[in-house]
Amino acid sequence: MSDRVFVTGIGVISALGFDIDETASALQKSKSGIGRISLFDTVYKEEIPVAEVKASNIELAERAQVKQDGLFSRTSLLGLIAARQALSQAQVRDFAGTRTGLISATTTGGMDRSERFFKEYLKNNRRGRLRDIVTHDCGNSTEIIAKQTGIRDYVTTISTACSSSANAILLGARLVKNGMLDRVLAGGVDALTLFTLNGFNSLMILDRNGCKPFDEERNGLTLGEGAGFLMIESERLVKKQGKTILGEVKGYGNACDAHHQTASSPEGNGAYLSMEKALITAGLKPAMIDYINAHGTGTKNNDLSEGIAIKRLFQDSVPAFSSTKAYTGHTLGAAGAIEAVFCIMALQHQWLYPNLNFRQTMKELGFSPVASFQHHVPVRYIMSNSFGFGGNNTSIIFSGC
Amino acid sequence: MEAFIDGISAISPQKTLDGSVFLQELQEYKGVHALKCIEPPYSDFLDPMASRRMSRIVKMGACAAMKCLKEASLENPGAIITGTGLGCIEDTEKFLTSLYTNEEKLLNPTPFIQSTHNTVAAAIALMLKCNSYNNTYVHRGFSFESALLDGLMLLHERTAERVLVGGLDELTNHSFAITNRLGFWKRQPIDSLRLLEYKSKGSLAGEGVAFFALNREKSEKTIAMIRSIDTIFNPGTPAETERRLSVFVEKAAGGMGKLDLIVLGMNGDPEMDEVYRHLVNTLFGLVPCAFFKHICGEYDTASSFALYLAAAILKEQKVPEAIRLDKRSIGQIKNILVYNHVRNSNHSMFVVSAC
C-alpha cells in the first residue's frame with residue numbers, strides 16, 4: 001500500500017505543440033490551436049474549424065521513433081509521442097524489479113484508419129485493406145505503446161467517452177495506492193476523424209466559429225486531437241529513487257449523472273457528485289481549491305450544468321476557473337489527460353490559464369472564468385473536471401509539492 | 001482481493017437465462033461458422049418504450065444486468081462496471097454507413113450516440129437512476145478482467161459495498177465478414193460441440209453478455225466467491241505462462257492440489273490451443289479439465305461467460321459431459337480455476353470457489 005501517489009513525468013501533444021515546451025509557450029501567449037481542417041476530406045472543410053496536431057502521420061512516426069510502414073493508426077502515434085515524453089521526464093528506463101502498468105484511454109481507437117477501410121468495404125465486402133482495420137479496436141493503440149515502451153506488468157484501456165483519460169488517471173492512482181503496481185503510465189489519446197466530426201455535427205453542437213466556453217453566446221464545441229500521459233509513482237519508489245516530484249494525485253471522484261445519454265442534468269448532479277467525491281478523497285474543503293480546470297466544452301448544456309454544479313458546491317467561494325478547450329479543442333478521450341498535464345504545469349509554474357474567447361458572463365451563473373494568462377499566482381490545489389456522454393463524470397485533484 | 005458473487009446472469013448462445021436449464025440442455029449448432037445469442041423476451045426486464053431505441057447489444061446488456069440485480073436483490077449498486085472488446089459495433093457500422101451513403105449530410109445522430117463504448121453501462125445507470133461510480137474497459141481479452149479487478153478493488157477499498165460487473169460483445173454480419181477475412185474463423189462449417197475435433201486453422205465466432213453482482217460480505221444470496229484475478233500481457237513462452245499460473249494458483253487457492261476443476265479457453269485453433277495443451281500435460285497434472293468456447297464461441301469477453309459457467313457449476317454441482325476434456329472422476333466441486341487467453345496476447349486467470 002502507498003498512501004500517496006506522485007506525478008514524476010508528463011507528456012503532451014496537441015494543436016498547441018509537439019511537447020511540453022511548445023505547449024507552455026502557446027499557453028503563455030494565449031495562442032489557440034484552432035484552425036482549418038487539413039487532415040482529411042470532408043464537405044465541412046470550409047465550415048467547421050478544428051484543432052489539429054500540425055503534422056502528417058509520417059512526421060508523427062518520426063517523432064514517435066517508429067518506422068511508419070503503414071501499420072500504425074494516428075491514435076497510436078500521438079499516444080506514443082506523449083507516452084515517451086512522460087517516461088523520459090520520469091527517467092524510467094528499465095522495468096526490472098518494478099511493477100509498471102500502462103492505462104490508456106480512447107473513444108474511437110484507430111477509427112482514422114477503419115473509416116478508410118470501411119469506405120472501400122462498403123462498395124464491395126472483399127475490398128478495403130485489412131491492415132487498415134486491424135488497428136480499429138481501442139486496445140490496439142495501448143498495446144502498441146506497451147510494446148514500444150516495454151511496459152507489460154499491467155495493460156488496459158478505458159473508454160467512457162469524454163471522461164476516458166481522467167478515469168485512466170483515477171485507476172492508475174488507485175492501482176498504486178492498493179499496492180497492485182509500483183507505478184503507472186496513465187493517460188489517453190484520440191485522433192481527429194471523419195466519424196467524430198460527423199457525429200458531433202449530427203448532434204448540432206459544433207460551433208462554426210470556434211468554441212467559446214462559459215460565454216453567454218457560446219454555441220457548441222470545437223473538436224481537437226492529441227494525447228497526454230502522466231507517470232504516477234508510489235511514495236516508496238519516489239523516495240527510494242530520489243525522484244523529482246512534479247505534483248501529487250491528491251483526490252478523485254467518479255459519479256454518473258444518470259440523467260440522459262448525452263445531455264447533462266440541469267442541476268449538474270453528476271458533476272456535483274464527482275467534484276464532491278474528489279474533495280472527500282483528497283480530504284479538502286471546497287474553499288481550499290485554488291483553481292478549477294473545467295470541462296467547459298462550449299456547449300449550451302455542458303457549461304450551464306457544470307457552472308451550476310460549481311456554484312452549488314463552492315457557493316460563496318467559487319475559485320478561479322477556466323476551460324482550456326478554446327486552446328486545444330475538445331480532444332475527447334485525451335482531454336482529461338491533456339488537461340491534467342496542464343494542471344501539473346500550472347502547479348509547477350504557479351500559472352492560471354485564461355478561458356480564451358470568453359466575453360460575456362453567463363446570466364445563470366453570475367461569475368466568470370479567468371480572462372488572461374496569469375503568472376506568479378499561489379496555486380496549491382487544482383481540480384480538473386472531465387465529463388462524458390452517458391453521464392460519466394470524473395474529477396481529479398492535483399496538488400503541488 | 002476477493003468478493004462474494006450474489007447474482008449471475010448471461011445472454012449467450014446457450015439457454016443461460018435460466019441457470020439450471022443451461023447445464024442440463026447444452027445447445028448444439030450444426031454446420032455453423034458462428035454462434036449467436038438466444039435472445040430473451042426483453043419486455044420481461046425492459047420498458048418497451050425505452051428499449052425500442054436500444055441497439056441489440058444495449059438491450060442484451062441492460063436486460064442481463066437487470067436480471068442479475070434482481071437475482072441478487074440489489075437495487076442500487078455501488079458501481080456499474082463493464083468490459084467490452086469492440087463495444088457497440090452495430091451502431092458504429094450504422095453511422096459509418098450513413099456517413100458515406102449520405103455523403104455527410106443529414107445524419108441521424110442516434111447510432112453515433114449509441115456507438116460509444118460506455119453506452120451499456122450508462123444505460124443501466126440511467127434505468128436505475130444510479131449516480132454511483134461508472135466505468136468501461138475496452139482492452140481486447142482484458143476488457144472483462146479489468147472491469148472485474150476494478151470491482152474487486154472498489155470493494156477492497158470500501159468505496160462500495162456491492163458492485164455490478166459485466167462483460168459484453170456482439171457479433172454483427174460485418175464484424176464476422178471482416179474477422180473472417182482476417183482468418184480468425186474456420187473456413188468449413190462445423191458442428192459446434194465437436195469444435196476440438198477439427199484440426200484446421202481458426203476458431204468459431206461467438207458473442208455474449210454476462211453480469212455479476214459482487215458483494216464484499218457473504219449474504220443469503222451468495223452462490224460462490226471469486227478469490228483472485230491476474231492477467232499476463234504477451235508472455236514469451238508457454239513456460240512463462242506456466243510459471244505465472246503456478247504462482248497464481250498457489251496464492252489464490254493454496255496449490256494445484258486444491259483445484260477440483262480447471263476451465264480452459266481452448267478455441268479449436270491448433271496454434272491458439274498449444275499453450276493449453278502444454279499446461280494440461282505439465283502443470284495441471286491430474287486435475288479434471290473442461291472447456292467452453294464450443295458452447296459460446298470466441299470473443300474478447302468470453303471469459304465472462306466462463307465465470308458464469310464456473311459459478312453455475314459450483315451452484316448446481318454438475319459438469320456436463322460435453323464440456324469435459326477428460327474422464328477423470330469429479331467429486332464435490334469447491335475450487336475452479338478459469339484460464340483463458342485471447343489471440344495469445346491477453347492471458348487471464350481467476351479462481352472461483354464454493355462458499
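Which residues in H3(B) meet which residues in H6(B)? Let's find out, after a word on the model.

## About the model

This is a predicted model, in which local features need pLDDT of at least 70 and side-chain atom pairs count only at pLDDT 80 or more, while totals for chains, interfaces and linings use all residues. Residues are numbered from 1 along each chain as its sequence is written, and chains are lettered from A and ligands numbered from 1 in the order in which they are written.

## Two helices in chain B

On the H3(B) side are B:Ile57, B:Val58, B:Gly61, B:Ala62 and B:Ala65, and they meet B:Thr119, B:Val120, B:Ala123, B:Ile124 and B:Met127 in H6(B). Contact here is C-beta atoms, placed from the backbone, within 7 Å. The residues of this contact divide into eight nonpolar, two polar and no charged (Ala, Val, Leu, Ile, Met, Phe, Trp, Tyr, Cys and Pro count as nonpolar, Asp, Glu, Lys and Arg as charged, and the others, Gly among them, as polar).

H3 of chain B spans residues 56-71 and H6 of chain B residues 119-128; their axes come within 9 Å and cross at roughly 50°.

## Two domains in chain A

Chain A is divided into domain 1 (5-241) and domain 2 (252-399), with bounds from an automatic or database domain assignment. Between them, 59 residues of domain 1 are in contact with 52 residues of domain 2. On the domain 1 side, H6(A) gives the most, with eight residues. That side divides into 29 nonpolar, 22 polar and eight charged residues.

Note on methods: Axes are lines fitted to C-alpha atoms, for helices over the stretch in contact, and angles run from 0 to 180 degrees between N-to-C directions. Helices (H or I, at least four residues) and strands (E, at least two) are DSSP runs, numbered from the N terminus.
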